Amino acid sequence: MKLTFAVALMIMSLGVMAQDKPQPSPAGSSTTKVGLTDVEINYYRPQMKGRKIFGDGEGFLQPYGKLWRAGANGGTKIKFSTAVKVGGKDLAAGEYLFLATPGKSDWTVIFYTDPSIGGYLSKMEDSKIAAKFTVKGTKLGDTVETLTYNITDISKDSTSANIQLAWENTSVKVPLSVTF
């Protein structure tokens with residue numbers, strides 16, 4: 001009995017010690033209220049680590065024209081507490097997987113209704129695409145080493161904002177509007 005307890009305690013200790021190691025792409029989140037709507041973004045934050053991130057060809061981590069989970073690990077999830085409009089498209093309250101196809105100037109953005117697929121984009125079904133539209137990407141003056149999401153540019157009347165993705169030298173803003 002004592003030996004079994006000691007072995008179990010040792011195994012649990014090893015599990016705890018393994019969790020103390022920093023993750024290569026740690027979890028991140030951004031939350032705010034736009035109007036009466038709670039907006040929550042949960043994602044994993046890869047770092048540049050000397051790599052080229054967005055561009056043409058195989059030398060880039062995320063080549064132009066290729067669908068991306070817009071984060072690391074299980075992808076980026078965005079949750080809205082009420083119905084909203086993103087990119088002019090209606091979305092019901094709920095949680096969505098946020099996907100993007102980067103381009104030199106235009107990005108295609110997708111809000112997908114089944115966030116459980118995570119980074120397994122081969123499991124996507126067209127019927128589960130809740131919204132798909134194009135936004136402009138812009139170049140940043142300063143480099144953003146770690147992928148970052150923010151809810152920015154909240155209007156004075158709190159009826160609109162932008163969901164911003166920033167990484168490397170690129171910023172993409174997705175328009176968000178709410179009613180109340």
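The structure holds six salt bridges. A salt bridge here is a side-chain nitrogen of Lys or Arg within 4 Å of a carboxyl oxygen of Asp or Glu. This is a predicted model, where local features need pLDDT of at least 70, side-chain atom pairs count only at pLDDT 80 or more, and totals for chains, interfaces and linings use all residues. Residues are numbered from 1 along each chain as its sequence is written, and side-chain values use heavy atoms, with hydrogens and water left out. Side chains of opposite charge can pair when their charged atoms come close.

**Asp90 and Lys85**
- A salt bridge joins the side chains of Asp90 and Lys85 at 3.0 Å, N to O.
- Asp90 is exposed, at 57% relative accessible area.
- Lys85 is partly exposed, at 35%.
- Buried means under 20% relative accessible area, exposed over 50%, and partly exposed in between (1.4 Å probe, protein chains only).

**Asp106 and Lys136**
- The side chains of Asp106 and Lys136 form a salt bridge at 2.7 Å, N to O.
- This pair links distant parts of the chain, 30 residues apart: Asp106 lies in strand β9 (residues 106-112) and Lys136 in strand β10 (residues 129-152).
- Strands (E, at least two residues) are DSSP runs, numbered from the N terminus.
- Asp106 is partly exposed, with 34% relative accessible area.
- Lys136 counts as exposed, with 55% relative accessibility.

**Lys128 and its network**
- Lys128 and Asp114 meet through their side chains in a salt bridge of 3.5 Å, N to O.
- Both Lys128 and Asp114 sit in the loop between β9 and β10, 14 residues apart.
- Salt bridges that share partners join Asp114, Glu125 and Lys128 into one network.
- Lys128 is partly exposed, at 25% relative accessible area.

Conventions: Helices (H or I, at least four residues) and strands (E, at least two) are DSSP runs, numbered from the N terminus.
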